[in-house]
Amino acid sequence: AAAVPAEKDDPFEQELRKANEEMIRENYAQALRSFNTLTTNFAHEPSAHLGRARLLELLAKKERSNQRLWEAIDAYKRYLAFGELIASNLEFKNAGESCIENLRFLGHHRQATTIHELLIKRLPEDPRLRNQLSLTYLMVNNLQQVEKVAVETLKLWPTNAVAQLHYGLALRQFHADYAKALPYLKYAVESEEEGTQEAFFYLSLGETMQRLSMKSEALEVYSKGVAKGFFASLYQRSLYNEPRLRAQPFWQPKETGYERQLEKLALNWRAIRDEGLALLGRSGFFEDEAELLRDKGVWQQYELYAQGRRVKDNCRRAPITCSLLEEFPESAGCRRGQVKFSVMQAKTHVWPHCGPTNCRLRAHLTLAAPEPEKTSLRVAEQERTWREGELFIFDDSFEHEVWHNGSQPRLVLILDMWHPQLSAAKRRSLTPI
Ligand code: LMR
Ligand code: MN
């Protein structure tokens, strides 16, 4: 009989088995030494690099160490570089996907795309690999690339739901072509296929319908989103939420516990107004709203605090306002919000939309509102307007919509404030928005 290589006696196989056993026994220090030795002594063996990558990834999670995660990524790349020498498509794909997941986690989406390309080249028949690539582009809001990849995928798999979803999102957010986006988003979300069931996608579909005046259809999408646990309620559709926070469209100052701070600001509204108006008079300081929230018109902002941090240069030009805000750290220091002057010109309409989080409340201190009867803010099912020197508070995680049908600009100071029910420790632990 022909000689069969005795795998047991193969020194590489033996060492590899030993290293893996050490890993399974959670003797990580020893396992790492063994894998390091293996990849040195048997540098040409792909599985040595793969084993080392898996171990480093495990260690990175245990130690919560990004340094280790980078080592894991490098090890995966060394493994993937063997290309055709790796016999198993599945192992190649799994390693590539792990590498991509780690790169996404570290925020290096650009690098991830090269791994995606590698996987697609090796497995051109798998549409999911292309959808993963467009998802990586979606994560960094590179909608041009999302569109490009999705179009290619749809050429080969015209009915693929995830590719339709990504194409629809690009049509909506990059081209602002709601009518063209609608059938793609609708088909995808209604397919309920894997990769299509997320709050953001329900929100995108619903908002697209609202912009096409399909009110009842949008409500249906939102109520399905509520049933699936994506939204707190039909009108409260923020995506970054803390559970069990009191939620209502409008708040009274005394309900927030920030009464004293708010009152002091309102008492000083004229000084704040003068600073805001002076800045409005100089060109180039206010910036356009850039999130495609406007149906028509002009709506601009001048930021004083963003994500809990003072915008130094801007505060220098509004010293009174900012010194008042320094006495209100629950607002100035709110890492899930901003403080800003907001100017809205006549003939403006802001589409219905929701803020990103339920962790803040939003106060408007009205500075200039010469035509209160021609402006309107709707929050959920309640409407009100702006009156000079007045302050009101709403929860912008609820759907709101704004009209200015007058002829003169309206200026407000917008102050976000931590939701009063969030503890100090919680406020510190939440990621900025
Ligand atoms: C909003 O928060 O969307 C608007 O109310 C802002 C504004 O300037 O009216
Ligand atoms: Mn808003």
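Is Asn160 buried or exposed? Asn160 is buried, because its relative accessible area is 16% (buried means under 20% relative accessible area, exposed over 50%, partly exposed in between, with a 1.4 Å probe and protein chains only). Before going further, a word on the ground rules: this is a predicted model, where local features need pLDDT of at least 70 and side-chain atom pairs count only at pLDDT 80 or more, while totals for chains, interfaces and linings use all residues. Residues are numbered from 1 along each chain as its sequence is written, chains are lettered from A and ligands numbered from 1 in the order in which they are written, and side-chain values use heavy atoms, leaving out hydrogens and water.

Back to Asn160, which sits in the loop between helix H8 (143-156) and helix H9 (161-173) (helices are DSSP runs of H or I with at least four residues, strands are runs of E with at least two, and both are numbered from the N terminus). Its side chain makes a polar contact with the side chain of Asn131, at 3.0 Å. A polar contact here is a pair of N or O atoms within 3.5 Å; within protein, one must be able to donate a hydrogen and the other to accept it, and residues adjacent in sequence count only if both atoms are side-chain atoms. For another loop residue, look at Glu194, between helix H10 (178-191) and helix H11 (199-211). Glu194 counts as exposed because its relative accessibility is 77%. From Glu194 to Ala161 is 33 residues in sequence and 8.8 Å in space, C-alpha to C-alpha.

Now for the sheet. Five strands make an open, antiparallel sheet in the order E3-E7-E12-E9-E10 (two strands pair if DSSP finds at least two bridges between them). Strand E3 (294-296) and strand E10 (382-384) are at the edges with a single partner strand each, so one side of each has no neighbour in the sheet. Strands of a sheet pair through backbone hydrogen bonds.

Follow strand E9 (residues 375-379) for a moment: five of its five residues are buried. Thr375, Leu377 and Val379 point one way, Ser376 and Arg378 the other. E9 pairs with E12 over five antiparallel bridges, and Thr375 stands opposite His404 in E12. E9 also runs antiparallel to E10, joined by three bridges, with Leu377 partnered by Arg384 in E10. The hairpin of E9 and E10 has two residues between the strands, and Ala380 takes a positive phi near 50° there.

E12 (residues 400-404) also pairs with strand E7 (residues 348-353), antiparallel over four bridges. In that pairing, His353 stands opposite His400.

Both histidines turn up again around ligand 1, in a list that includes Trp299, Arg362, Phe394 and Arg410 (a residue is near a molecule if one of its heavy atoms lies within 4 Å of it). Oxygen atoms of ligand 1 come 2.8 Å from a side-chain N or O atom of Arg362, 3.0 Å from one of His400 and 2.8 Å from one of Arg410. The elements giving two or more residues to this shell are strand E8 (360-368), E12 and strand E13 (410-418).
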